[in-house]
Amino acid sequence: MTAGPDIVRYVLDDGVRDVLAKELNSRLADAEPLDPDAHGVILASIGASALLQHLPDELLAELGKFTRGHSSVLVLENLPRYDAPPTPVGGFTPEAALAPVNALQLGLVRLLGTTPFAVPYENRGRVMRNVVPNPAAAGTTSSWGSDAEFFWHTDNPHLPFGEQGRDPRPNVPRHLTFYAIRNDERVPTDVVGVDTVLARLTPAAREALARPEFEIGAPASVETGAQPALRGAVLEHDGAAPRMRYDHGTTRGLTARAAAALDELTAALRTDDAERFVLRPGDFLLFDNYRVLHRRRAFTPRPAATARWLRRCYAS
Ligand SMILES: [Fe+2]
């Protein structure tokens, strides 16, 4: 295991990966079709139980304490991969065919001490988002986009920040988790810490970002019924660390000093020293959506059936 100030990375041995895959397949072999929205608790229980049986003790200990620690990014590499159906570039696919994938991801979410959830105003209210190049989203900055860069942002910044132990749905999602089914295009998910960004700013810009002089709208992935744009600060402090809400495409300053601070923030984000995660099949990534910003560059997808396909699940 390697641990930096912000990132915990762990690579599973091939032997552990294979035995875990076998275990999940065998536990699900006789199961009724399981949908993560209707049967998420069952899938999480099966996945967590298999993971507890086979993951190394040091990794289980890390998962158990991760969200209470100082790290904001977790990467688990070389988890079981699955021969998945063609990439559902339309955004949705029957979930019953993905039971082992769902059990694995929801099991990890459970071992991390977090709760998976969906919001009603995007992804048809489904808990699992297929991050795919959807032709219908061409030109948009959405997780379904590909040809337009999705500049640095946090997800759903138009909501208030939440606190642990409360209903997460009205708030900015705390964690994003991803499991990679395929990424032959080798598209990176870029992540940069809020602390790192703030260190590049002048004190005046930091101070301006903390004033409630911004309008922050809903992202392009929102369907209907989203909350209206929020008027507030881009930067807050929860007592322990700074947290940021920001989407380049939907955030604007309502005063001259707020607009100038946003310009400075945008310029600071253009410097290219982010962490880049090129997820391979079987890789899991979690990051703290309050403590880091993320970005996806424009890319050219492979033919639809084999195009990039990540599974995203919010967890708080
Ligand atoms: Fe995002």
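Predicted model: local features only at pLDDT ≥ 70, side-chain atom pairs only at ≥ 80, totals over all residues.
**Largest pocket and iron site**

Me: What volume does the largest pocket have?

Reply: The largest pocket has a volume of about 620 Å³. A pocket is an open set of points on a 1 Å grid over the protein atoms alone, where a 1.4 Å probe fits, with protein on both sides within 12 Å along at least five of seven lines. The volume is the space filled by probe spheres set on the points, which are joined across faces, edges and corners.

Me: Which residues lie nearest the centre of the largest pocket?

Reply: Thr67, Arg174, Asp238, Asp288 and Arg291 do, out of 36 lining residues; lining residues have an atom within 4 Å of a point.

Me: Switching to the metal, which protein donors does the iron ion have?

Reply: They are His153 (NE2), Asp155 (OD) and His294 (NE2), at 2.1 to 2.2 Å from the iron ion. Donors are N, O and S atoms within 2.8 Å of the metal (3.2 Å for Na, K and Ca); water is not among the atoms, so sites may look incomplete.

Me: What spacing do the donors follow along the chain?

Reply: The spacing is H-x1-D-x138-H.

Me: Is His153 buried or exposed?

Reply: His153 counts as buried because its relative accessibility is 2%; buried means under 20% relative accessible area, exposed over 50% and partly exposed in between, with a 1.4 Å probe and protein chains only. His294 is also buried, at 7% relative accessibility.

Note on methods. Residues numbered from 1 in each chain as written. Heavy atoms only, no water.
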